[in-house]
Amino acid sequence: MEKPQHTLRLVFWETTAACNLECVHCRRLDVSSTLSKDDLDTDQAKAMISEIAAFARPILVLSGGEPLMRGDVFLLARRAAALELPVALATNGTMIDDAMAGQIAASGIRRVAISFDGADAATHDSFRRQERSFAAALAGLRRLRARSVAVQINTTVTRHNEASLDAIYQMALREGAEALHLFMLVPVGCGLEIAEDQTLSAERYEAVLNWLYDVSQDGKIQTKATCAPHYVRIMRQRSPQSAIRNPQFSKGCLAGSGVCFVAHTGEVYPCGYLPVSAGNVTRQSFREIWEKSEVFGRLRDPSQLEGKCGLCEYRFVCEGCRARAYAMTGNFMAEEPFCEYVPKKKTGG
């Protein structure tokens, strides 16, 4: 029987690589404004959804690219919902007019995550490379809220918007968002090209995560740090009992152990930022990939962690960002390069 800590919690499916924006921090380099012939077709997507539902009940996140560019996205959302999979949508929000908001509300999608990289047009639009993208995304959010659709705000934290976090938090409260998720930049795709200028230092990462912890204590909105597994360590340092009681924060990096990412081609990865394939749903069953992949097996074994991550007393609850380690070293079991914590056990002796 599969160990409980390796239960599949989240499947992020890149429904298409196509997108109507060209964001400077996108994890992809090959963004297109048109759908690709390599995208899983409707029948392949239905088969994958059925395979997932046959053995697990993860949240299925329809992402991209821009998932709203797929004509069958709502058909597939309804298919997943009918199979009792919780369905979420991750979008840039700019395509959500009144008709689209109505379709989303009727499709069985439980929550929509909209990306905001600033609390104003100047900050957001400069990273999204499209004028009025902030205004369009905000209008889309409000159309969804008017239809009682739960909305989450996603923000990728970089140097350009670090000073805007308080304003983004206030915007999330003001607009009635249920959650605010911070994504710490991983240097892959377009993110690699801006990494030197935009990546926060380890010290600044620590400060941002402590800020998020402080905000979480207000209890006004759900908060989460993504691609920042050392947040779990910070929680345990600052309030051990609250961290232990909250199963959402039982472990930092869930890549390959609680989370996986399915690319638009059907290739399965530990997460969207770690380009090491575990298999392909067009050639293997989803369950076989999840349960038998060698890549996932390594990620589920903290004893294989290297460097200071392998020595750290928090390695079983943090594990460091495996994607960031891979991006910087080519080894996904290397130590987290953007963590300033010094383990108490400094040597292997």
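1. Axes here are lines fitted to C-alpha atoms, for helices over the stretch in contact, and angles run from 0 to 180 degrees between N-to-C directions. Helices (H or I, at least four residues) and strands (E, at least two) are DSSP runs, numbered from the N terminus. This is a predicted model, in which local features need pLDDT of at least 70 and side-chain atom pairs count only at pLDDT 80 or more, while totals for chains, interfaces and linings use all residues. Residues are numbered from 1 along each chain as its sequence is written, and side-chain values use heavy atoms, with hydrogens and water left out.

2. The axes of helix H1 (residues 42–53) and helix H2 (73–82) come within 10 Å and cross at roughly 20°. H1 and H2 are therefore roughly parallel to each other (angles under 35 degrees count as roughly parallel, over 145 as roughly antiparallel, 65 to 115 as roughly perpendicular and the rest as oblique). From H1, Thr42, Ala45, Lys46, Ile49 and Ser50 meet Leu75, Leu76, Arg79 and Ala80 of H2; contact means heavy atoms within 4.5 Å. This contact of H1 with H2 comprises five nonpolar, two polar and two charged residues (Ala, Val, Leu, Ile, Met, Phe, Trp, Tyr, Cys and Pro count as nonpolar, Asp, Glu, Lys and Arg as charged, and the others, Gly among them, as polar).

3. Helix H8 (residues 202–216) and helix H9 (residues 230–238) have axes that come within 10 Å and cross at roughly 55°; the two helices are therefore oblique to each other. Their contact involves Glu206, Leu209, Asn210, Leu212, Tyr213, Asp214 and Ser216 of H8, with His230, Tyr231, Arg233, Ile234, Met235 and Arg238 of H9. Six nonpolar, three polar and four charged residues make up the contact of H8 with H9.

4. The peptide bond from Gly64 to Gly65 is cis, with omega near 15°, and Gly65 belongs to the loop between strand E2 (59–63) and H2. Arg132, although not a glycine, has a positive phi of about 70°; Arg132 is placed in the loop between helix H4 (121–128) and helix H5 (133–146). Most residues other than glycine have a negative phi, and most peptide bonds are trans.

5. Which residues lie nearest the centre of the largest cavity? They are Lys308, Cys309, Cys312, Cys318 and Cys339, from a lining of 14 residues. H9 and helix H13 (307–311) are the elements that give two or more residues to this lining. The lining of the largest cavity divides into seven nonpolar, two polar and five charged residues. On a 1 Å grid over the protein atoms alone, a cavity is a set of points where a 1.4 Å probe fits but cannot get out, and lining residues have an atom within 4 Å of a point.

Notes:
On a 1 Å grid over the protein atoms alone, a cavity is a set of points where a 1.4 Å probe fits but cannot get out, and a pocket is an open set with protein on both sides within 12 Å along at least five of seven lines; lining residues have an atom within 4 Å of a point.
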